[in-house]
Amino acid sequence: MIGGLDFTVIRDNLSYFFIGRFPRGPLGGVGLTLYLAVVSLILSFLGGLFLGLLSVSRNRLIKWGSTTIIQTIRGMPLLMVIFWMFFLLPALLGGGLSASWTIIAALTLFTSSYMSEIVRAGILGIPKGQMEAAISTGLSHKQAMFHIILPQALRNMIPSFVNQFVSMIKDTSLAFIVGVSELTHVATQMNNRTMLYPTEIFLFIAVIYFIMCFAFTELSRWLERRSAWRKSI
Amino acid sequence: MNYRFDWAIVTSGKYFDWLASGLYVTIKLSVVSIALSFLVGLVIAMMRMSHVRPVRWFAHGYLEFFRNTPLLVQIFFWYFGSYKILPQAVNDWLVAQDFEFAAAVIALTIYTSAFIAEDIRSGVRSIPKEQMEAARSSGFSYVRSMRYIILPQAVRLTIPPLINQFLNLMKNSSLAMTIGVAELMYQARQVESYTFKGFEAFSAATIVYLALSFLITGLMTLYDKKVLQPMKGH
């Protein structure tokens, strides 16, 4: 008992909070949260890179088209993107996608549009002279982009990507809404079952989320300091 | 595709009224929460820059903890779990109000204020140090220099990130549906479950969210063009 709070409910269900019914059942809790975050982040990185490159295209139609998509998704709440996915994906694919994959699709679409802005800013942040120099040495625009500009831009973007991972971990909590048994969903189930310990349960998972996110926040700060130091010499 | 569109249900009648009342609640929730989070954020930012170490540490802990925890979990915490940590009198008062709305406001305010505090702090830090020194040497106290010299300039620079936070808050307010606040997203889902016209209901809500977002972004661009650029002498 700490200040009238009783944490035995946490202790008794610790493995349920961390891995759900695994290995006798599907993975849940913290394990599923991290799985959703990692898979969605990898896919969003690719999606963001793709959309970001489209948005700096020299073809106006492609540039405007991708910018419209990006701005539309950025103007919507993530919850809305999730509902759209649940509504549209089965209609488009004739059903069949699991709830976890629908959430991954929604998180990926949403985060890609934010990542694409990071990618775009990263590319535009490389001095113009570099592209000109690359082209004058005989590279095509595409070659110059992929071999000269992008590698430098990506290196500068690493801290922002780590930050995006923190947002991603927080965003996976919305999977609760559609019944994917990640940490928040496990917590609400536990709350419904025991009824008496909401403060303890939600405080506990808040701390778990905090530990995961804070570790990555610190990593991104460290990377930022390091890259600032590297630029200064 | 044998889905039959029926846009009439969301453009007039009962369901239109539901969506309109949802929009009203979304705006009310956003405006109340942003006003409160500005005040709380300002206090936390001042504490974060305080010369008293425990005060500074408290503010730092507040910032890190609430920024690195999902908003949804915070909403659940205040809605389900606050009664064990808040004094009885505060609880009774909250329950006598619209409790769902109050819990959403508390969660949104605390979450957003942590971001706003950092925006304000970086605004203050961008004001040259000499200004504070000049103010102090002309006889102003620390608090008065802050109040009359530093903050008025810093707030002007902080407005674009603040507008951005307002935009985030407006979108985040959709999470209040999980505890039964009848805002726009809640009503759109309600219309869907009564009519099975999810496509129309979600389209209508999406258009409204986009319109609000573009309006807020437009304000930011206008502010930048009319106030900030002339200030920087461009």
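# Reading the terms of a predicted two-chain model

Student: What makes A:Arg120 count as partly exposed?

Tutor: The relative accessibility of A:Arg120 is 31%. Buried means under 20% relative accessible area, exposed over 50%, and partly exposed in between, with a 1.4 Å probe and protein chains only. A value of 31% lies between these limits, so A:Arg120 is partly exposed. The model is predicted: local features need pLDDT of at least 70, side-chain atom pairs count only at pLDDT 80 or more, and totals for chains, interfaces and linings use all residues. Residues are numbered from 1 along each chain as its sequence is written, chains are lettered from A and ligands numbered from 1 in the order in which they are written, and side-chain values use heavy atoms, with hydrogens and water left out.

Student: Why is the pair of A:Arg120 and A:Glu117 called a salt bridge?

Tutor: A salt bridge requires a side-chain nitrogen of Lys or Arg within 4 Å of a carboxyl oxygen of Asp or Glu. The closest N and O atoms of A:Arg120 and A:Glu117 are 3.7 Å apart, so the pair meets the rule. Side chains of opposite charge can pair when their charged atoms come close. A search of the whole structure finds 6 salt bridges over all chains.

Student: What separates A:Arg120 and A:Glu117 along helix H6 of chain A?

Tutor: They are 3 residues apart in helix H6 (residues 99-124) of chain A, which means a separation of about one helical turn. A helix here is a DSSP run of H or I with at least four residues, a strand is a run of E with at least two, and both are numbered from the N terminus.

Student: What makes A:Glu218, A:Arg221 and B:Glu64 a network?

Tutor: Salt bridges link the three residues. A:Arg221 pairs with A:Glu218 at 2.9 Å, N to O, and the side chain of B:Glu64 also meets A:Arg221 at 2.9 Å. B:Glu64 lies in helix H3 (residues 53-67) of chain B and A:Arg221 in helix H10 of chain A, so this pair joins two chains. A:Arg221 and A:Glu218, by contrast, are 3 residues apart within helix H10 (residues 198-232) of chain A, about one helical turn.

Student: How do you know how much area is buried between chain B and chain A?

Tutor: Buried area is the accessible area (1.4 Å probe) that two parts lose on being put together, summed over both. For these chains the value is about 3200 Å², and carbon and sulfur atoms give 74% of it. B:Asn68, B:Lys84 and B:Lys171 supply 18% of the area that chain B buries against chain A, more than any other three residues. With contact meaning heavy atoms within 4.5 Å, 35 residues of chain B and 39 residues of chain A take part. The interface holds 2 salt bridges.

Student: Why is the space lined by B:Trp78 and B:Phe99, among others, called a cavity?

Tutor: On a 1 Å grid over the protein atoms alone, a cavity is a set of points where a 1.4 Å probe fits but cannot get out, whereas a pocket is an open set with protein on both sides within 12 Å along at least five of seven lines; lining residues have an atom within 4 Å of a point. Grid points are joined across faces, edges and corners, and a volume is the space filled by probe spheres set on the points. The count is 1 cavity of 30 Å³ or more, and the largest cavity has about 30 Å³. H6(B) gives the most to its lining, with 4 residues.

Student: How do the residues of this lining divide by class?

Tutor: There are 6 nonpolar, 1 polar and no charged residues. Ala, Val, Leu, Ile, Met, Phe, Trp, Tyr, Cys and Pro count as nonpolar, Asp, Glu, Lys and Arg as charged, and the others, Gly among them, as polar. B:Ser82 belongs to the lining, and Ser falls among the others, so B:Ser82 is polar.

Student: What lines the second largest pocket?

Tutor: The second largest pocket has a volume of about 320 Å³. Of its 14 lining residues, the closest to the centre are B:Met49, B:Val124, B:Arg125, B:Lys129 and B:Tyr142. By class the lining has 8 nonpolar, 2 polar and 4 charged residues, and H8(B) gives the largest share, 3 residues.
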